[in-house]
Amino acid sequence: MTLLDIRDLEVTYRSARGDVPAVRGVNLRLRPGETLGIAGESGCGKSTLALALLRLLPASASVRGEIRLDGEEVLGMSWGRLRAVRWAGTSIVFQGAMHALNPVHRIGRQIAEPILLHEKVSEAGARQRAEELLSQVGLPGWRARSYPHELSGGQRQRVMIAMALACSPRLIVADEATTALDVMIQAQVLDLIAGLVAERDIGLLMISHDLSVLSSTCARLAVMYAGRVVEEGPAHQVFADPRHPYSRALASAFPTIGDPATRGQPRGLGGDPPDPTALPSGCAFHPRCPVVLPECSSTQVDLVPAGPERVAACVRVDTAARSTP
Ligand SMILES: Nc1ncnc2c1ncn2[C@@H]1O[C@H](COP(=O)(O)OP(=O)(O)OP(=O)(O)O)[C@@H](O)[C@H]1O
Ligand SMILES: [Mg+2]
């Protein structure tokens, strides 16, 4: 059974500057227990994709395509059903989510709240569960009585993960969940997520601009550029032997882990990601591509096989990523 099935997903924001096509025809699949990383530079549509999964996009966004969670179509779900799925089926740990903790409530109460709301347990039972969750993320039970400001950044991030696990989700979407953390804590939190996911057969969709983080945590990797998936395959292969010139640029010049200064643009790759309101013709990457061919400015290439269980969207799929520019 497929846990998450995204087909031909398109998301366009209507804005004063005109239409912003943020996600342009994305197809992705995830089975229970599978881990998929989504990489790409700032603005390539990663968070838009994550938000679309639970219909959390603003009203200005129009969404087309299909999103199935456990076989159920999300885009056509009733609000009641959607609310239930948001709590129990899928948890999203958002970009900068550790700032979302309520400063005036103890963290135990904040973890217990969704459990009380959505499961038939007593208050004492929910508090007990909160303490268990804290210990699963490596925090002592007494931390339940702490306020968010009494915790370090890494500890707060672990509380966010405990909250994401509270209602035993089938799928966790982690959007830059560890980017703000220092290297040591980031490694610790990534290990924790990977361990919990394997132990509980949870599906994990992990979003990051950092290929190295994704390839150490996820079995598969999808690389996005300008709203499209340009390469997908086993993570270590995509990282070690990329087939799309964009993945190659990302892999050879990945930002330093935990260094916000290198977050915007991979070192070594010239130019900026395109403005979605004025996308280049043909392959959107062609103006920055080190191995561009004349036809790249007119032909948009779909994903084609690039090895066993691998696809890439490049006319030079066999040679482009390997030749030195
Ligand atoms: N509410 C909105 N209205 C208009 N445009 C938007 C809106 N939200 C996002 N966008 C645009 O959609 C594109 C994709 O944004 P998104 O947040 O999905 O990128 P991202 O890959 O998550 O980037 P980052 O790595 O910086 O988090 C960007 O060009 C962004 O400017
Ligand atoms: Mg984002």
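## Sheet architecture

The strand order β6-β7-β8-β3-β9-β10-β12-β11 describes an open sheet of eight strands with mixed pairing. Strands β6 and β11 form the edges, each pairing on one side only. Helices (H or I, at least four residues) and strands (E, at least two) are DSSP runs, numbered from the N terminus, and two strands are taken to pair if DSSP finds at least two bridges between them. Strands of a sheet pair through backbone hydrogen bonds, either parallel or antiparallel.

## Basis of the description

The model is predicted: local features need pLDDT of at least 70 and side-chain atom pairs count only at pLDDT 80 or more, whereas totals for chains, interfaces and linings use all residues. Residues are numbered from 1 along each chain as its sequence is written, chains are lettered from A and ligands numbered from 1 in the order in which they are written, and side-chain values use heavy atoms, with hydrogens and water left out.

Strand β7 (residues 171–175) is largely enclosed by the rest of the structure, because five of its five residues are buried. Here buried means under 20% relative accessible area, exposed means over 50%, and partly exposed lies in between (1.4 Å probe, protein chains only). Leu 171, Val 173 and Asp 175 point one way from β7, while Ile 172 and Ala 174 point the other way; all are buried.

On one pairing, β7 meets strand β6 (residues 90–93) in the parallel sense over four bridges, and Ala 174 in β7 stands opposite Val 93. Strand β7 also runs parallel to strand β8 (residues 203–207), to which five bridges join it. Within that pairing, Leu 205 in β8 is the bridge partner of Val 173. The chain passes from β7 through helix α6 (residues 183–200) to β8 in a right-handed β-α-β crossover. Right-handed denotes that, with the strands pointing away from the viewer, the path from the first strand over the helix to the second runs clockwise.

## Domains and their interface

The chain is assigned domain 1 (4–89 + 168–281) and domain 2 (99–166), with bounds that come from an automatic or database domain assignment. The centres of the two domains, taken over C-alpha atoms, are separated by 26 Å. Domain 1 contributes 14 residues to the contact and domain 2 contributes 14 residues, where contact means heavy atoms within 4.5 Å.

The size of an interface is often given as the accessible area lost when the parts come together. Domain 1 and domain 2 bury about 1200 Å² between them, with 67% of it on carbon and sulfur atoms; buried area is the accessible area (1.4 Å probe) that two parts lose on being put together, summed over both. Of the area that domain 1 buries against domain 2, Trp 87, Leu 192 and Arg 200 supply 35%, more than any other three residues.

## Salt bridges

Side chains of opposite charge can pair when their charged atoms come close. A salt bridge is counted when a side-chain nitrogen of Lys or Arg lies within 4 Å of a carboxyl oxygen of Asp or Glu, and the count comes to 18 salt bridges. One of them links Arg 14 to Asp 19, with the closest N and O atoms 2.7 Å apart. Arg 14 is partly exposed at 45% relative accessible area, and Asp 19 is partly exposed at 42%. Another joins Glu 66 and Arg 68, whose closest N and O atoms are 3.4 Å apart; Glu 66 is partly exposed at 30%, and Arg 68 is partly exposed at 31%.

Glu 123 and Arg 127 meet in a salt bridge at 3.9 Å, N to O. Both residues lie in helix α4 (residues 123–136), four residues apart, about one turn of the helix. Glu 123 is partly exposed, with a relative accessible area of 48%, and Arg 127 is partly exposed at 41%. Salt bridges that share partners also join Asp 5, Arg 7 and Arg 29 into one network.

## The surroundings of Gly 282

Gly 282 is found in the loop between α9 (245–252) and β11 (304–305). Gly 282 is buried, at a relative accessible area of 15%. Leaving aside neighbours within four places in sequence, Gly 282 is in contact with Cys 296, Ser 297, Ser 298, Thr 299 and Gln 300. Gly 282 and Ala 22 are 260 residues apart in sequence and 17 Å apart in space, C-alpha to C-alpha.
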